[in-house]
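This report describes strand pairing and aromatic contacts in the model shown below.

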Amino acid sequence: MKLVFATNNPHKLRELQQLLGDEIQLLSLADIGCNEEVPENQETLEGNAAEKSFFVFEKYGFNCFADDTGLEVDALNGEPGVYSARYAGEARCAEANMAKLLDQLQGKEDRTARFRTVISLIIDGKETQFEGIVEGQILKEKQGDAGFGYDPVFQPDGFSASFAAMDANQKNQISHRGRAVEKLVAYLKNLNKTA
């Protein structure tokens, strides 16, 4: 089965292909010749994921899925949330985003946060959504150099290391994206059986 993952982020693509195994061949936006900016104009993760997947399906005719992920920090009323990638500006710079986040949390005791991923899957025009959540804390300083985005400052509950200090397999087993993808994979395998 071929599926387009509406991203050009090589980290995400690699992480997901590991989780999906060999049954499903993932194609990136570049693989299908989509070189334009995929719209993300919604106010929610659910809305953004759906907007991206429908855009690819309607314009390129491929079954596909798109995800949107946000870091929701309780002390900041759920910010950066849907604006996680652009928190410190349109440049989407992870370092600047982390610096702004740590700055906003200066002097705040409550550092509880969660990563939330929503996946919108379109098969033959029908949408199904999957959600993955991981609860944790925002560290006071960066730890580790693996992963991407806010991984160096996010420590999942029950662990003593940040996402960026974990190896990819360990992170995939507990990550928000991993949990959402698990639901996606189960759904796709079930679909393959009944097809």
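In strand β6, Glu131 is the bridge partner of Val118. The model is predicted, so local features require pLDDT of at least 70 and side-chain atom pairs count only at pLDDT 80 or more, while totals for chains, interfaces and linings use all residues. Residues are numbered from 1 along each chain as its sequence is written, and side-chain values use heavy atoms, with hydrogens and water left out.

**Strand pairing**

Helices (H or I, at least four residues) and strands (E, at least two) are DSSP runs, numbered from the N terminus. Two strands pair if DSSP finds at least two bridges between them. Strands β5 (residues 112–123) and β6 (residues 126–138) run antiparallel and are joined by 12 bridges. The two form a hairpin with two residues between them, and Asp124 in the turn has a positive phi of about 50 degrees.

**Aromatic pairs**

Five aromatic pairs are found in a search of the whole structure. Rings of Phe, Tyr and Trp (its six-membered ring) pair if their centres lie within 6.5 Å; planes under 30 degrees apart count as stacked, over 60 as edge-to-face and the rest as tilted. Two of the pairs are set out here.

| Pair | Centre distance | Plane angle | Class |
|---|---|---|---|
| Phe115 and Phe163 | 6.0 Å | 15 degrees | stacked |
| Phe130 and Tyr187 | 5.4 Å | 65 degrees | edge-to-face |

The stacked pair links distant parts of the chain, with Phe115 in strand β5 and Phe163 in the loop between β7 and α4 (168–174), 48 residues apart. Burial is defined by relative accessible area (buried under 20%, exposed over 50%, partly exposed in between; 1.4 Å probe, protein chains only). Phe115 is buried at 4%, and Phe163 is buried at 1%.

The edge-to-face pair likewise connects distant parts of the chain: Phe130 lies in strand β6 and Tyr187 in helix α5 (residues 176–194), 57 residues apart. Phe130 counts as buried at 8% relative accessibility, whereas Tyr187 is partly exposed at 28%.

Ring pairs also join Phe115, Phe154 and Phe163 into a cluster.

**Charges over rings**

A charge sits over a ring if NZ of Lys or CZ of Arg is within 6 Å of the ring centre and within 35 degrees of the ring normal. The charged end of Lys171 sits over the ring of Phe163, 5.5 Å from its centre. Likewise, the charged end of Lys100 sits over the ring of Tyr87, at 4.4 Å from its centre.
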